[in-house]
Amino acid sequence: EMRDGTNSDYFVKLARQRGARVICVDPRLSMSAASLADEWIPIRPGTDAAVMSAMAYVIVQEGLYDAEFVRSHCLGFDQTQMPPGAQGVESYRDYLEGKRDGQPKTPEWAEVISAVPAETIRRIAREYATIKPGVLYQGYGMQRRAYGEQVVRAGCTLAALTGNVGISGGWASGLG
């Protein structure tokens, strides 16, 4: 069940009372998903980072990212923003577009991995990118496995892409 401190479910309930839409992405229909979410999206365990990469792909390809925030607060987004000494190294955009591995991180790519329909990935990417502030509230369970840090990084990256860092109501992994 979703527990990130003793009051986490209470704060999600308050947010819903104030009009927030809550989507729970979880392999199982947990009590948290059943009682706190407006929508439950089942996912194959351990594939959250693939879905988040596909969300980022949609956000970037459709120009839904916060270009000013990315320009002023992020390194490595594209070749114009590479840190000193890393020019020519794969940028985040290059990774999403599959420039080096030949595999764009499309929703169709993630659907095969995660079992989340491509259209669902597109929809939640657009929702997350266009609703301000947006919260991507990650529980700790999905990172308690090999390479679990990747899902935390993917969540923080989505928050940065959408400018949901350092704003009231924004969230990027960890504690707010």
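Trainee: What percentage of the 176 residues of the protein count as buried?

Mentor: This is a predicted model, in which local features need pLDDT of at least 70, side-chain atom pairs count only at pLDDT 80 or more, and totals for chains, interfaces and linings use all residues. Residues are numbered from 1 along each chain as its sequence is written, and side-chain values use heavy atoms, with hydrogens and water left out. Buried means under 20% relative accessible area, exposed over 50% and partly exposed in between, with a 1.4 Å probe and protein chains only as cover. Of the 176 residues, the share that counts as buried is 43%.

Trainee: What share of the accessible surface of the protein belongs to carbon and sulfur atoms?

Mentor: Accessible areas come from the Shrake-Rupley method with a 1.4 Å probe; for residues, only the protein chains shown count as cover. The protein's accessible surface comes to about 9,600 Å². The part belonging to carbon and sulfur atoms is 55%.

Trainee: Which pattern does the protein follow along the sequence?

Mentor: Helices (H or I, at least four residues) and strands (E, at least two) are DSSP runs, numbered from the N terminus. The protein has eight helices and four strands. Along the sequence, their pattern is α-β-α-β-α-α-α-α-α-β-α-β.

Trainee: Leaving aside neighbours within four places in sequence, which residues is I121 in contact with?

Mentor: Contact means heavy atoms within 4.5 Å. I121 is one of the buried residues of α7. Neighbours within four places in sequence aside, I121 is in contact with V51, A54, M55, P107, A110, E111, S114 and V116.

Trainee: What does helix α8 reach from its first C-alpha to its last?

Mentor: Helix α8 covers residues 149-161, and its 13 residues give an expected span of 18 Å at 1.5 Å a residue. The expected span is 1.5 Å times one less than the number of residues. Its buried residues include V151, G155 and L158. The reach of α8 is close to expectation, at 18 Å.

Trainee: How many disulfides does the structure hold?

Mentor: A disulfide is a pair of cysteine sulfur atoms within 2.5 Å. C74 counts as buried at 19% relative accessibility, while C156 is partly exposed at 30%. The number of disulfides is zero.

Trainee: Is the ring pair of Y65 and F77 stacked, edge-to-face or tilted?

Mentor: Rings of Phe, Tyr and Trp (its six-membered ring) pair if their centres lie within 6.5 Å; planes under 30 degrees apart are stacked, over 60 edge-to-face and the rest tilted. The count by this rule is three aromatic pairs. For Y65 and F77, the centres are 5.0 Å apart and the planes stand at 45 degrees, so this pair is tilted.

Trainee: Is Q81 buried or exposed?

Mentor: Q81 is found in the loop between α4 and α5. Leaving aside neighbours within four places in sequence, Q81 is in contact with V70, R71, C74, L75 and G76. Q81 and R71 are ten residues apart in sequence, with 7.5 Å from C-alpha to C-alpha. Because its relative accessible area is 13%, Q81 is buried.

Trainee: What is the phi of A115?

Mentor: Most residues other than glycine have a negative phi. A115 sits in the loop between α6 and α7, and its relative accessibility of 44% makes A115 partly exposed. Though A115 is not a glycine, its phi is positive, at about 70 degrees.

Trainee: Which two residues does the cis peptide bond join?

Mentor: Most peptide bonds are trans. Here, omega is about -10 degrees for a bond ending at P133, which lies in the loop between α7 and β3 (135-136). The cis bond joins K132 and P133.
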